[in-house]
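Here are my notes on the model you asked about. Keep the structure open beside them and look up each residue as you go.

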Amino acid sequence: MDQDRVVRPRLLGIAGSPRRHGNSEILLDLALGAAEGAGASVEKLVLAQLSVMPCRACDVCVSGRCIQRDDMDRLYPLLETVDVLLLATPVHFYGLPALAKALVDRGQLFWHRKYGSGPPGPSHVSPRRGALIAVGATHGKQLFVGTRMTVKNWFDTMDVDYAGELLIRGVDARGAIRDNAEALRDAAALGKALAVPPGKALSTPG
Ligand SMILES: Cc1cc2nc3c(=O)[nH]c(=O)nc-3n(C[C@H](O)[C@H](O)[C@H](O)COP(=O)(O)O)c2cc1C
């Protein structure tokens with residue numbers, strides 16, 4: 001067994017906003033920096049820099065491979081092998097922005113795998129973990145309900161436990177999150193918590 005893998009969780013951070021260096025990406029960067037400082041091996045993907053086409057619902061992925069050739073060719077192996085997934089996203093119309101939703105929908109391959117009609121994927125010794133960072137401009141109670149449900153369902157198809165979340169209301173202009181000291185602190189705390197080695201109990205902030 002690769003001893004380094006046991007003690008150093010591999011964490012994939014995904015920036016889901018079409019706006020570069022915006023509020024969710026700022027929080028993601030803080031979380032990833034803290035995770036790395038706490039010993040995780042960290043990789044960051046920016047969906048706005050990638051080509052991830054929408055799912056065509058052709059069901060060819062029952063075979064275990066998507067019919068489309070784009071950056072998902074690189075993303076599928078990452079999604080199915082990392083120990084921790086951290087998606088950071090704004091709320092767009094009470095759900096995920098189109099870029100992030102395309103990524104989730106391409107997870108139909110994992111859905112087929114989990115529910116029996118696709119070939120098995122890699123097995124995992126320890127349960128995998130995932131967390132959500134989401135930001136929105138308004139303050140409503142239901143603001144994150146749709147986003148959280150979609151992300152939980154996506155994690156579930158990949159056998160990733162929904163292990164933590166940081167949901168921030170009332171930020172709109174790019175970079176406005178920098179005025180929210182508590183959110184910045186919480187993002188770092190979330191990243192640190194996610195750096196716990198696979199198999200060890202996690203204590204997420206809040
Ligand atoms: C197309 C679009 C739809 C949006 N929909 C919502 C919404 O439903 N609720 C909300 O509170 N904010 C909404 N917002 C505002 C963003 O969530 C907010 O500006 C957020 O801080 C952007 O984060 P980012 O800088 O990481 O992109 C929307 C913004 C855009 C561009």
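How many other C-beta atoms lie within 10 Å of A176, and is A176 buried, partly exposed or exposed?

1. A176 has 16 other C-beta atoms within 10 Å, so A176 is partly exposed; a residue needs 20 or more to count as buried, and 12 or fewer to count as exposed. Bear in mind throughout that this is a predicted model. You'll find A176 in the loop between β5 and α7, the helix at 181-194. Now look across to N23: A176 and N23 sit 153 residues apart in sequence, yet their C-alpha atoms are 6.7 Å apart in space. Leaving out residues up to four places away in sequence, A176 touches N23 and V171.

2. Next, go to strand β4, residues 128-135. Why call it largely enclosed by the rest of the structure? Because 8 of the 8 residues of β4 are buried.

3. Who are the partners of β4? On one hand there's strand β3 (residues 84-90), which pairs with β4 in the parallel sense over 7 bridges. Within that pairing, L85 has G130 as its bridge partner. On the other hand there's strand β5 (residues 160-168), also parallel to β4 and joined to it by 8 bridges. I133 stands opposite L166 in β5. To get from β4 to β5 the chain passes through helix α6 (residues 145-157), and this β-α-β crossover is right-handed. L132, too, has an opposite number in β5, namely E165.

4. Strand β1 (residues 10-15) runs parallel to β2, with 6 bridges joining them. A15 stands opposite V46 in β2. β1, α2 and β2 together make a β-α-β unit, and this unit is right-handed.

5. Now for the inside. The largest nonpolar core has 59 residues, and the ones that touch the most other members are L11, L27, A31, L86, I133 and L194. Helix α2 (residues 23-37) gives the most to this core, with 8 residues. Ignoring neighbours within four places in sequence, L86 is in contact with L11, G13, I14, L28, A31, A131, I133 and L194.

6. Which helix gives the most to the shell around the ligand? It's α2, with 3 residues. The shell has 19 residues, and G22, S24, P90, G136 and T138 come nearest to the ligand. Sorted by class, there are 8 nonpolar, 7 polar and 4 charged residues.

7. Have a look at R56 as well, in the loop between β2 (41-46) and α3 (72-79). R56 has 14 other C-beta atoms within 10 Å, so it's partly exposed. Apart from neighbours within four places in sequence, R56 is in contact with I67 and Q68. R56 and D105 make another pair to find: 49 residues separate them in sequence, and 9.2 Å separates them in space, C-alpha to C-alpha.

8. Finally, two backbone angles worth a second look. Most residues other than glycine have a negative phi. A57 has a positive one, near 55°, and A57 isn't a glycine. A57 lies in the loop between β2 and α3, and it counts as exposed because it has 9 C-beta neighbours inside 10 Å. D159 also has a positive phi, about 55°, without being a glycine. D159 is in the loop between α6 and β5, and its 16 C-beta neighbours inside 10 Å are why D159 counts as partly exposed.

How values were computed:
Residues are numbered from 1 along each chain as its sequence is written. This is a predicted model: local features need pLDDT of at least 70, side-chain atom pairs count only at pLDDT 80 or more; totals for chains, interfaces and linings use all residues. Two strands pair if DSSP finds at least two bridges between them. Helices (H or I, at least four residues) and strands (E, at least two) are DSSP runs, numbered from the N terminus. A crossover is right-handed if, with the strands pointing away from the viewer, the path from the first strand over the helix to the second runs clockwise. A nonpolar core is a set of buried Ala, Val, Leu, Ile, Met, Phe, Trp, Tyr and Cys residues joined through C-beta atoms within 7 Å. Two residues are in contact if their C-beta atoms, placed from the backbone, lie within 7 Å. A residue is near a molecule or strand if its C-beta atom, placed from the backbone, lies within 6 Å of it. Ala, Val, Leu, Ile, Met, Phe, Trp, Tyr, Cys and Pro count as nonpolar, Asp, Glu, Lys and Arg as charged, and the others, Gly among them, as polar.
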